[in-house]
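I opened my notebook today to look around a protein model, one stop at a time. Here is what I looked up, in the order I did it.

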Amino acid sequence: MDDDLLTIGAFAARARLSAKALRLYDRLGLLAPAHVDEVSGYRYYRADQVQRARLVALLRQLDMPLARIAEVVEADGADAADLLAAYWTDVETRIAGQRTLAEYLRARLSGRSSEMYGTFVVETVEVPEQVLITETRHTLADELPAWIGASLGRLEAAAQECGGVSAAPFVVYHAEVSMESDGPAEACVPVADEAAARAWAARQGRVRQTAVRVEPARTLAYARITKAQVAHPQILAAFEAVEQWVAGQGLRYAGPCREVYFADWDAAGPGDPVCDVAFPVEFPTALPVALPVALPVALPVE
């Protein structure tokens, strides 16, 4: 055995870590001893492993996942710094979202929800019967934005085989989508030619749970929101504003909630209207049907 090797105790003292931490790093594959005695099982380390041990300990203090720690400690200087920067950007994004969520929840718990709801104008619109090509997926909240963009992109491309896009694409939530509940969600693109759409669907088979369905004419209660308001949890406040309005009008729900995307997302700025959050509703026979009606939500898509 090399006389320059350090016992785990001596190495732990030099690295300013505990022997327990070093055993954990070994078990996790982050810092293996330079030598393990076959008879005694004692671990020995080289002095040049001290910096790696300290780096692992510091990265763990950032709550970095083990797989990403392994990537950082194996990378060269500049690449390691870039990996750390990318991770910390993700952390700050998550914390910013949690901060916004905490403010939203604080407003709810303190009884100031009505102040948030008051920033949204809720109206109704009549949407005619539509032929839809759809893609359905069980997805958690953190995967949802990427899936919406990808699925609507695929369906809009496919719509060219189905007579073209005839109205604004939308996403229907058949059950809650959160970090604990995975929906499902259904991406929908209205198309002009039902026969062509059904032929397209037959060619797809079971790929990505694609389908064609005819959605009946509906009345939607909706609130229009900007690109910035689509972010969580601002969009929750918009949905709740519509729910509060529906309850105040004495209407009944006639289907699951949805997001209707009528604008070019990439070209829109944070303050530009891009989306309607909506609920299908119906009018009880005991109530008059005359309620404020806005311009059609199903706007043509370029």
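**Entry 1: one residue and its neighbours.** I began with Thr136 and asked which residues it touches. Leaving aside residues up to four places away in sequence, I found Trp147, Pro184, Ala185, Glu186, Arg208 and Gln209. I noted that this is a predicted model, so each contact belongs to a prediction. Thr136 sits in strand 5, which covers residues 130–137. Is Thr136 buried or exposed? Its relative accessible area is 18%, and buried means under 20%, so Thr136 counts as buried.

**Entry 2: the largest nonpolar core.** Next I looked up the largest nonpolar core, which has 46 residues. Which members touch the most other members? They are Ile133 and Val277. Several elements give two or more residues to this core, including strand 5, helix 7, strand 9 (218–226) and strand 12 (273–282). Helix 9 gives the most, with eight residues. I also found another core lying apart from this one, with 24 residues, among them Ile8, Phe11, Ala12 and Tyr87.

**Entry 3: a closer look at Val277.** I listed what Val277 touches, again not counting residues up to four places away in sequence. Among its contacts are Ala221, Tyr222, Ala223 and Ile225.

**Entry 4: the largest pocket.** Then I turned to empty space. Rolling a probe the size of a water molecule over the atoms shows where such space is left. The largest pocket here has a volume of about 1800 Å³. It is lined by 44 residues, and the closest to its centre are Leu144, Pro145, Val230, Ile235 and Glu259. Helix 5 (77–109), helix 7 (144–158), helix 9 (234–249) and strand 11 (258–261) each give two or more residues to the lining. Which helix gives the most? It is helix 7, with seven residues. By class, I wrote down 25 nonpolar, seven polar and 12 charged residues for the lining.

Entry 5: Last, I checked helix 4, residues 66–74. Its buried residues are Ile69, Val72 and Val73. They cover an arc of only 90 degrees around the axis, so they lie on the same side of helix 4. This reminded me of a handy rule: an α-helix has 3.6 residues a turn, so residues three or four places apart point the same way. On the other side of helix 4, I found Ala67 and Glu74 exposed.

Terms used
Residues are numbered from 1 along each chain as its sequence is written. This is a predicted model: local features need pLDDT of at least 70, side-chain atom pairs count only at pLDDT 80 or more; totals for chains, interfaces and linings use all residues. Side-chain values use heavy atoms; hydrogens and water are left out. On a 1 Å grid over the protein atoms alone, a cavity is a set of points where a 1.4 Å probe fits but cannot get out, and a pocket is an open set with protein on both sides within 12 Å along at least five of seven lines; lining residues have an atom within 4 Å of a point. Grid points are joined across faces, edges and corners, and a volume is the space filled by probe spheres set on the points. Helices (H or I, at least four residues) and strands (E, at least two) are DSSP runs, numbered from the N terminus. Ala, Val, Leu, Ile, Met, Phe, Trp, Tyr, Cys and Pro count as nonpolar, Asp, Glu, Lys and Arg as charged, and the others, Gly among them, as polar. Buried means under 20% relative accessible area, exposed over 50%, partly exposed in between (1.4 Å probe, protein chains only). The arc is that of the directions from the helix axis to the C-beta atoms. Contact means heavy atoms within 4.5 Å. A nonpolar core is a set of buried Ala, Val, Leu, Ile, Met, Phe, Trp, Tyr and Cys residues joined through side-chain atoms within 4.5 Å.
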